[in-house]
Amino acid sequence: QAKADSLIDSLTGAVNTRYFSLLFGREIAKAQRDHSELTIAFLDLDNFKTVNDTMGHSAGDFLLRRISDIIHSNIRPSDVFARMGGDEFTILITGTNYDRSQTVLHRIRSAVAEECERNTWPVTMSVGAITFSTLENGKEDLVKRADQLMYSVKKNGKDSIIHIHDKTIKETANGFQN
């Protein structure tokens, strides 16, 4: 039980970063073996610090638990949900194509928006996601790219999703290309 507890974030019930990295490697191998697509999504709560600063850390913790419950209820048991730290999360949507992944991400973002509005939390969600079927470089490159997409959303007004579909992702000297 102690080992299992060390793999799960105690506040949110999401897997932690270390366990996510292990599961991500397994899911990439499985997707390539099964010739299926895999989506990685980086989610960040916009203006979360405002909740902690104005309502207190217990309110912030409650918000993180509610958001995590929403995410858990909108993904399948085969998908992977991780807390990367603070108010940043990652989801691996396994064995699902771009369109279905897009539907899941929009459903999560809408449910989060409704929950935040219901509780008068000044929080929205920015999401960067990539659906791919072949990975030529390491998983760290893909995580970095999804994170960059999420930050693009933040730079362009927040509260949105950038989701791209790459058949093959490879790193070049000037960035990424497909």
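Tutor: Ala-82 stands opposite Thr-90 in strand 3. Strands and helices here are DSSP runs, E of at least two residues for strands and H or I of at least four for helices, numbered from the N terminus. This is a predicted model, where local features need pLDDT of at least 70, side-chain atom pairs count only at pLDDT 80 or more, and totals for chains, interfaces and linings use all residues. Residues are numbered from 1 along each chain as its sequence is written, and side-chain values use heavy atoms, with hydrogens and water left out.

Stay with the strands for a moment. Strand 2 (residues 80-85) and strand 3 (residues 88-94) run antiparallel and are joined by five bridges. Two strands count as paired if DSSP finds at least two bridges between them. Two residues lie between the strands of this hairpin, and Gly-86 takes a positive phi near 50°.

Ile-8 is 74 residues away from Ala-82 along the chain, yet their C-alpha atoms are 8.5 Å apart. Ile-8 belongs to the loop between helix 1 (2-7) and helix 2. Its relative accessible area is 34%, so Ile-8 is partly exposed. The cut-offs are these: buried is under 20% relative accessible area, exposed is over 50%, and partly exposed is in between, with a 1.4 Å probe and protein chains only. Beyond its neighbours within four places in sequence, Ile-8 is in contact (heavy atoms within 4.5 Å) with Gly-13, Ala-14, Val-15 and Asn-16.

Now follow the chain onward. His-35 sits in the loop between helix 2 (17-34) and strand 1. Its phi is positive, near 55°, and His-35 is not a glycine. Most residues other than glycine have a negative phi. His-35 is exposed, at 74% relative accessible area. Asn-47 is another non-glycine with a positive phi, about 65°. Asn-47 lies in the loop between strand 1 and helix 3, and at 34% relative accessibility it counts as partly exposed.

Next comes helix 3. Phe-48, Val-51 and Asn-52 are the buried residues of helix 3 (residues 48-55). Down the helix axis they fall within an arc of 95°, so they line one face of helix 3. That arc is taken from the directions of the C-beta atoms from the helix axis. Turned away from the buried side is a face with the exposed residues Lys-49, Asp-53 and Thr-54. Strand 1 (38-46) and helix 4 (57-73) are among what covers the buried residues of helix 3. Gly-56 follows helix 3, with a positive phi near 100°.

How do helix 3 and helix 4 meet? Phe-48, Val-51, Asn-52 and Met-55 in helix 3 meet His-57, Ala-59, Gly-60, Leu-63 and Leu-64 in helix 4. The residues of this contact divide into six nonpolar, three polar and no charged. Here Ala, Val, Leu, Ile, Met, Phe, Trp, Tyr, Cys and Pro count as nonpolar, Asp, Glu, Lys and Arg as charged, and the others, Gly among them, as polar. The axes of helix 3 and helix 4 come within 6 Å and cross at roughly 140°. That makes helix 3 oblique to helix 4. Axes are lines fitted to C-alpha atoms, for helices over the stretch in contact, with angles from 0 to 180 degrees between N-to-C directions. Under 35 degrees is roughly parallel, over 145 roughly antiparallel, 65 to 115 roughly perpendicular, and the rest oblique.

Last, the setting. The protein chain has six helices and six strands. Of its 178 residues, 47% are buried.
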